[in-house]
Amino acid sequence: MTPNIAVNRSLNLPSSLNEGQFRVLIFDAFILLGEELGAHYHAKLEPILGKNWVSELARQRNLPPYNLTDPDWVLKEPLRNPTSPTRLTLPKGQGFYNQINLLARARNAYFHNQGNASADAAQQVIQLLLEFSLSVQLLLCTREYAGAIQRIKKLLLGEEFGGAEQGLERIVILEQQVANLEEIANQSKLEIQQREQALENALDDVAVREEALRELREKVGDRDQAIAAARIEQELAAKLVTELRSEYETNLAELLDKENMERQYKDLLKSLVMSKTVESLRSVSSTKKSIDTAALRPGSVWYGEKGSHRLTLSVNFRELYDTKTGTLLRENHGERATNLALKWLEIKPQGGRVFVDDFGNATAYRGEDLIFMGVMDFQL
Amino acid sequence: MTSEVLVGAIKIVYMGAVEIKATPIRGGEPIAAIQHLSFVTGPDGIALETAYLIFSNGDRDVRVIETGDTPSPYSRLGHGGRLGVYPLGKMHYCETRAMKLGDKNWSNLHRTTAREIEGWLGSNLNGFLSSLGLSKVITREELFGDEGRRRHELATSFESTNFMAPFAIFALTRPLPLLKGARR
């Protein structure tokens, strides 16, 4: 996937001396590094190695595809692989690699809920990121990290800023990104399954033609014209397999890339939940308003945003389960969950994904329309 | 019979049975079948709606009927890696060929060993099999005197009415090896 970085991309700056906000800032700073450094690698290496250089790199190492914008990957790839092409795009010298090593360790600590999120610690981490960005000439990162350091300094001097809800909004955006990535990955899966099926059929066809060729050879020897004709057919079938396999692999690589990114965001959200950042920010501000659903009939079109909590309405089980964890809702909510599934299957008999927002509003796709399924009568 | 089984890190929850029409592995027109359902879940986003089909013509197999958001490489089980279940006198048996990753994340069924399966399971294999009413894993030759080319394939047998046993073998030889990164 070609990384795309928005020029107006900005960091969520803390508005007060709040650990949750500093934690979001640090996470966001690493994500920004992944985005811009990934784009930097791609811009420098695509003209030399071609547009699929990242997937080729993974393929040569017999590993699943890499995610070019993963903040972990962009740091560890050059650090751990002396022959990595990414090294060609970076400054040389031990001092620089010590810097990467330090950043990789810091990323690891914060993404695994071990880092200190005081103002001083945040300032030190952002300072490291700033120095790194200056070395590689990552302009957006440099601008944003410098702004973040200024903000922390001002907060330490007692200055107050508005927009405490921004950190929470960033989390909501992340939740939405996870939901969207899941949605995209899910759509790709169907297409990939169809291609995989076509490939398997073509492989069967090659096997049948090879068998026919072998039998023919046994009967009439190598000189007969029929052998030549059968060989041509077998070669054509084999060529089709090569083409289908290539298409399938390209699609699969793209899907794995999306799934990698989805996992990265999910891990980030998990870290934020574990570090009580979400809780801390939600206590500061809760500005989101629920849509009035009193007059809305189940099955009617929903014009609000879809929720980020995803459930699967299973036609086979006639039950609901959490799409992320696979936990059946009836395990925690008993018959109420089963009854809700039955009720929703009347609205959407084909089942599928249901999106639930913070207020319990459930929506699902019917064709291209997002429809209102109802309000959940229990807390997820 | 228990309605919930743990196969290493994979959990199987029995979800009931329904009568349906479906196509057996060997193909042809859809025919009547009893479909036992189970939910096979595990780490790494594994959530597979799985069915054990007992057809009116005597054919049986275990297959995934819905992969939902289950990621690669497990989503491949959505249309591959069905487990055939075959009659053996008054009992039934199935082979224990396992899904293993090959080049480029492409997985297929390959021969395995009891030791390898035990490694994925993380506990004593025979103890696990016996707790679910399954025989030890032995070759087809040992199981029913097979003299054909497949005589060295491993298999296990169970009472024909034991519908959790095939689900357990499915989990043991399909999602579990993929989860453990088994390669051919």
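How much area do chain A and chain B bury between them? About 2500 Å², with 49% of it on carbon and sulfur atoms; buried area here is the accessible area (1.4 Å probe) that two parts lose on being put together, summed over both. Before you click on, keep in mind that this is a predicted model, where local features need pLDDT of at least 70, side-chain atom pairs count only at pLDDT 80 or more, and totals for chains, interfaces and linings use all residues. Residues are numbered from 1 along each chain as its sequence is written, chains are lettered from A and ligands numbered from 1 in the order in which they are written, and side-chain values use heavy atoms, with hydrogens and water left out.

**Stop 1: the contact.** Select both sides: chain A brings 32 residues and chain B brings 28 (contact means heavy atoms within 4.5 Å). Between the two chains you can look for 3 salt bridges, each a side-chain nitrogen of Lys or Arg within 4 Å of a carboxyl oxygen of Asp or Glu. One to pick out is K11(B) with E331(A), at 3.6 Å from N to O. Now colour α7 (166-220), α8 (225-274), β1 (309-314), β2 (319-322) and α10 (329-347) of chain A: each supplies at least two residues to the side that touches chain B. Helices (H or I, at least four residues) and strands (E, at least two) are DSSP runs, numbered from the N terminus. The top contributor is α7(A), with 9 residues.

Stop 2: (Buried means under 20%, exposed over 50%, partly exposed in between; 1.4 Å probe, protein chains only.)

**Stop 3: a buried pair.** Select R63(B) and D61(B), whose side chains meet in a salt bridge at 2.8 Å, N to O. R63(B) is buried at 8%, and D61(B) is buried at 1%.

**Stop 4: a network.** Which residues are linked with R150(B) in a network of salt bridges? Select E95(B), R140(B) and D146(B) along with it. R150(B) and E95(B) meet at 2.6 Å, N to O. R150(B) sits in the loop between α3 (140-144) and β11 (154-159) of chain B, while E95(B) is in strand β7 (residues 91-95), so the pair ties together parts 55 residues apart in sequence.
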